[in-house]
Every structure is written in structure tokens, then in C-alpha cells.
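Dear colleague,

I am passing on to you the structure we spoke about, with the sequence alongside it. Please look through it first, and then read the notes that follow.

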2 protein chains.
Amino acid sequence: MPRPPRRRRPADLERPARAARGAGGFERSRDYVQSLARGLAVLRSAGGPDEPATLAEIAAGAGLSRAAARRLVLTLEHLGYLRAAGRGFALAPRVLELGYGYLGGLGLTDIAQPFMERLSSRVGESCSMAVLDGQQIIYVARVPVRKVMTVSLAVGAHLPAYCTSMGRVLLAGLGPEEFDRWLAACRPVRLTPRTVTDKARLRRIVDGVRRRGHAWVQQELEAGLCSLAVPVRDRRAAVIAAINIGMAYHPGARGRAQRELLPALVEAARAIGRSLPPGPAAPART
Amino acid sequence: MPRPPRRRRPADLERPARAARGAGGFERSRDYVQSLARGLAVLRSAGGPDEPATLAEIAAGAGLSRAAARRLVLTLEHLGYLRAAGRGFALAPRVLELGYGYLGGLGLTDIAQPFMERLSSRVGESCSMAVLDGQQIIYVARVPVRKVMTVSLAVGAHLPAYCTSMGRVLLAGLGPEEFDRWLAACRPVRLTPRTVTDKARLRRIVDGVRRRGHAWVQQELEAGLCSLAVPVRDRRAAVIAAINIGMAYHPGARGRAQRELLPALVEAARAIGRSLPPGPAAPART
């Protein structure tokens, strides 16, 4: 994987002793800044620009008392991340700045987007790109198509890795030990009657994805939704992201995906990989 | 403007007395959560995924001591927003989640993107959408084209409003009193020899943009860069965003923009506006 070699970190950057980690250990250490964690929880539970949330709703969403939430909300409003709207608060566009540091430094998405657009208009379906973030995948680029049934996902959306096509492609790109750790930590939930939650079966599925070079997921995340994904590899063949095509389920969906969509998706992923600059690419996961 | 009517806020949401506001007033009040503000400053000064920053660099960027920055960095790493990379730290994809609440709730960008893609491929230039955030514009959608000279901007990027075409279009959409307040707070900086920094002249320029319905800015933000922008209006004709086409400067750029690009840009903006659902749209500014 294209991660720089892990050099020793200066002594004061060592995390608190291992015993203090995991299971809330760090959160009891002197290094944990609780009000920062709580403020970010408030940001995550605030409503979108069209759906302001009241202080009570924000407090409940962030698991905080109203008094604790109030100071955080007023501070976030003062800093321009929230705006007052009626009796509530809504996210302000400034929150996009926080993600911009990531996307702007990624490069990958700017390189990928024209290829994804061409693919999407060629096959008439939405195309997305995601990277792995622990148990989740996070969307880093998306080209939606307008259909009657649209999937509401934008850059920054997160979905569970175990039941998504891009998740399985990214998992297939992990080393064996990393995958074992991932699987041990995974807590699969039955989201539809078709969701695979058995860990031994998940392992076999990911092995199959690695062999075949693509993942097809049919109605495991949501009834009526299918998706085909392939890895994007850098010049050293390391998986740095996944791209997919999402589509509505119909009885012929899988056949069409194999015949028509897979060659186009593979071609787009290769074109993106060939267009990447030499040198270490952004990691597909943290 | 499509903002909901401002109802009275519950008593405990009133901001601290007016005397305590402005010029750091709130920041001295008991309601200000300093470590949250500092943590967000750390996130803003952390490096992109390919450019990890050391603790010293992050501390300097956020204007903090190394000791203060250290606890914030370790907390952000624990929460998954930063990842350790070599001797430094880089932003992790989870930061995109913070902006997702805004974009995912906006709706506008999903509606706009197909029109922007069509426009971009028709004219062969990058197309972007932005909203106003105080003195800045913030990119909420972007369709880049691959050229030798590319402009490195992604969703969440911010640029000054006074010297950008989208900024001037959004300023032209403000009410007279709002614009007066905006202009009083504006601190224009000469970014190129062509940047207009005289406030009386800026007012005349924005008046002209309002009359003509579009803004053309030539090399005021950066030498070699030009841009044409028009407003996106909701069904009540309120300006809710701006879209633009950016291009490299050449002597014929303005003529081509007027002849060829302006009709296509106006058509795209109208199509986006017509596709918006009825009811209050997302505000173009906070």
C-alpha cells in the first residue's frame, strides 16, 4: 500500500500507554479534549440547510444535555459553521471547508471526475468513488444521473463497508492481517433479508472479489438497489479507491452489469489509474 | 430571500448581550468553548492526505502552542479525523462527513450537477457553483475539465467574494442594506494589478452585475484567469447560488464569453432553477 514508511514518532506524540487505549481508554486520559469531540458531534447532528434542528434535537442527536449543547452551538454559530434559522440551527456552507483540506489535497478526485462523467453518461447510471475509513466507506466523488428513483448520496456520505460493492472491493485490497483485524471488529447488521452478516461467508465473498477483480452487490444495503464496483489501482497496483455504478434492481440487472457495465467500469478505473501522477498516491484508507 | 421568517428564539438561545459581541466579545464570554474553536483551527491547518503536516507545522498554522495543539491533534486522531502519517498527521476522509450534512441536505447540487456537466462538456471549460458565506464564496459543486492548466479547486474551496465572478453575482442578489453591511465589512486586497479594491468602484460594478444579470471578471483574482458567472434563481426569483465558467485568459476570451458562453450559462442556470422543487430553497448565504 502506498503509505509512507512509518518512522518513529517524537516521544510526546506517542499515544497514551496501550492499557489506556481502546474501550474508551483514551477518552479517560488527560489528552482527550472532550469539548472538541462534543462539538464535532453537534456538527454531525445539526440539520442540513433546509432542515434546521432545534437545540433540543441537536442535544439529543449528540447525546448531550441541553446546557452542554447550547454553548457548543453558540460557539459553532459564532465561528460560522452553524447559522440560526427560525427557532433552530442549520449547517452553514463553511462546514465544507473542513472537508476541502482533504479533497483539495487528494488530487485523485479531480483526475477521476472526467472519466467518471464519461462513464456515467455512456451507461446512463450514477457513478461514485469511495475510500475505506475503518468499518465505513466514504464517498469522495460522485456523478449522479437524474432518474425518477435517485439515490441521495453526496461527497462525504458514509455507508457500511461489509454490504456495499465499493466496500468489498476496498476490503479485497487490504493485506491479510489488516483484513483479519477489520473482520474481527466488524459488526454486520441485517439491513435487508439479503444482507450477508455471517463473517465466514463475508470472508469467502471478499476472497471472490479479490480473484474476480470486481464486486456485485444486490439488495444487501437496501431493497431495490444494486451496485457493481472495481478497484482503482495506482502505478504499483495498490488499491487506492473504488469506483462503482449503482442501479435499480430488476431481474436482468446482473446480466446487464456483467455484459455491458463491467467492461466500461474496468476501462474507466484503468484510465484513472494511468492518469495518476507517479509517486505515492493518497491512501485508500486511514 | 428564501430564508424562513425569523421567529423569536427561546431565551437561553439569545446571544450574549450586544456589548459583549463583535471584536472578540463573544470569545471572552462564558459561552465560548475555546477548545472547540481551536480544534477546528487544527483541522483547517492539517495537511491533505498526500501532505502530512508535523505537529509543529499544525501548531503554527493554528496559532497555538505545541502543547495545546498536541492534545487537540491526538483527540482528532482518536476520533478518526486525522491519521498519523510518518512523523506527521494528515486529514482522514472522515472530515468529509462534516460537510456531508450540508451538501446532503442541500439538494441543489444534485439537481444542478447534470446541467453543469452538460454545460461543461458543451463549452469545454470547468463549471462551478458557489454560495456566499460572509466575505467569502464557498464552492458547493464543481465539474472540472482536464486541461494543461487546471485550477485546483474542489467542493469546499473558498475564495474572496469581491474579486470573483460568482461573488459579484451573489452580492448583486443581496438586499440594499445587506450589501451596505457587506461592503462596510469588506477588506479588499490587491491580488493582481487588475484587482478592484476601491469600495465605490466595487459598488458600481455590483450595480452593473445586477442590471446585466452576469459578471465577467478578468485576472482580478489571479493573473491568467477569467470567469463568467450568472445567478441561479429559485421560483420566487431569489438568488440562491451562482454558477460560473472559468477559463484561461487570452485576448479573445471576453468576446468568446459574451458570444458563446453566456447564452449556454444562462440556459443552464434557468434549467437548474426550473428543476428546483417548490417551497423554500436553500439560502445562497448564511
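C186(A) counts as buried, because its relative accessibility is 1%, in what is, throughout, a predicted model. C127(A), with a relative accessibility of 0%, is likewise counted as buried. C186(A) takes part in no disulfide, and the nearest cysteine sulfur, which belongs to C163(A), lies 8.8 Å away. For C127(A), the closest cysteine sulfur is that of C226(A), and since the two are 16 Å apart, they are too far from each other for a bond. A search of the whole structure, over all chains, finds zero disulfides.

On one side of the pairing, strand β6 of chain A (residues 215-218) runs antiparallel to β7(A) and is joined to it by four bridges. The hairpin of these two strands has six residues between them, and in it Q219(A) adopts a positive phi near 55 degrees.

β7(A) is also joined to strand β8 of chain A (residues 239-248), again in an antiparallel arrangement, by nine bridges. In this pairing L225(A) is found opposite A248(A) of β8(A). The hairpin that β7(A) and β8(A) form has five residues between the strands, and A237(A), in the turn, has a positive phi of about 70 degrees.

Technical notes. Residues are numbered from 1 along each chain as its sequence is written. Chains are lettered from A and ligands numbered from 1 in the order in which they are written. This is a predicted model: local features need pLDDT of at least 70, side-chain atom pairs count only at pLDDT 80 or more; totals for chains, interfaces and linings use all residues. Side-chain values use heavy atoms; hydrogens and water are left out. Two strands pair if DSSP finds at least two bridges between them. A disulfide is a pair of cysteine sulfur atoms within 2.5 Å. Buried means under 20% relative accessible area, exposed over 50%, partly exposed in between (1.4 Å probe, protein chains only).
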